[in-house]
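Work through the exercises below with the sequence and the model in view. Try each task before reading its solution.

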Amino acid sequence: MRKVILGVAMLATIGLVSCKNEAKKETETKDVQTEQTTAQEVAMTTTTFGVRGNCGMCKSTIEKAVNGVDGVASAEWDKLRKQVNVSFDGSKTNVDAIHNAIAASGYDTDKVAGNEEAYGNLPGCCQYDHGMEMSLKGEVKADETSNH
């Protein structure tokens, strides 16, 4: 009879200790995930700046260049306003790196002139006027290049 009672007591003890450890592991995992999410939210930065371009192909190339920068979460180039809106992790990259990536693809930004060789390799519809205004404000009318 003692062996049975001792066996039941041992099983109950093992079961309680096991449940306690599982609950502790779950709490630790949730804490780590919460800390990581909070750190990611804090580091996100959004910026908007001018980028010259003409058409939908320009949009694709500009956004691809920006999204190729490590730490960039999203990029949206506005063809009519001639500006890009970028969301990025400030601990992984900075605005200058984004400007340089766009310039390397052949497009002028507010700060950096586009690479001339890359510009020369752009399709004809993408070869914009280097005097073109950027970061246009107010109402902007659609232009003839909207079909590209």
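**Before starting**

This is a predicted model, in which local features need pLDDT of at least 70 and side-chain atom pairs count only at pLDDT 80 or more, while totals for chains, interfaces and linings use all residues. Residues are numbered from 1 along each chain as its sequence is written, and side-chain values use heavy atoms, with hydrogens and water left out.

**Exercise 1.** Decide whether Lys59 is buried, partly exposed or exposed.

Solution. Step 1: recall the cut-offs, which are under 20% relative accessible area for buried, over 50% for exposed, and in between for partly exposed (1.4 Å probe, protein chains only). Step 2: Lys59 has 25% relative accessibility, so Lys59 counts as partly exposed.

**Exercise 2.** Describe the salt bridge between Lys59 and Glu63.

Solution. Step 1: a salt bridge is a side-chain nitrogen of Lys or Arg within 4 Å of a carboxyl oxygen of Asp or Glu. Step 2: the closest N and O atoms of Lys59 and Glu63 are 2.7 Å apart. Step 3: both residues lie in helix H2 (residues 56–67), four residues apart, which is about one turn of the helix. Helices (H or I, at least four residues) and strands (E, at least two) are DSSP runs, numbered from the N terminus. Step 4: Glu63 has a relative accessible area of 15%, so Glu63 is buried.

**Exercise 3.** Which parts does the pair Lys59 and Glu76 tie together?

Solution. Step 1: the side chains of Lys59 and Glu76 form a salt bridge, at 2.8 Å from N to O. Step 2: because Lys59 lies in helix H2 and Glu76 in strand S2 (residues 72–78), the pair ties together parts that are 17 residues apart in sequence. Step 3: Glu76, at 48% relative accessibility, is partly exposed.

**Exercise 4.** Where do Asp96 and Lys111 lie?

Solution. Step 1: their side chains meet in a salt bridge with an N to O distance of 3.5 Å. Step 2: Asp96 is in helix H3 (residues 95–104) and Lys111 in the loop between H3 and helix H4 (116–120), 15 residues apart. Step 3: Asp96 is partly exposed at 43%, whereas Lys111 is exposed at 56%.
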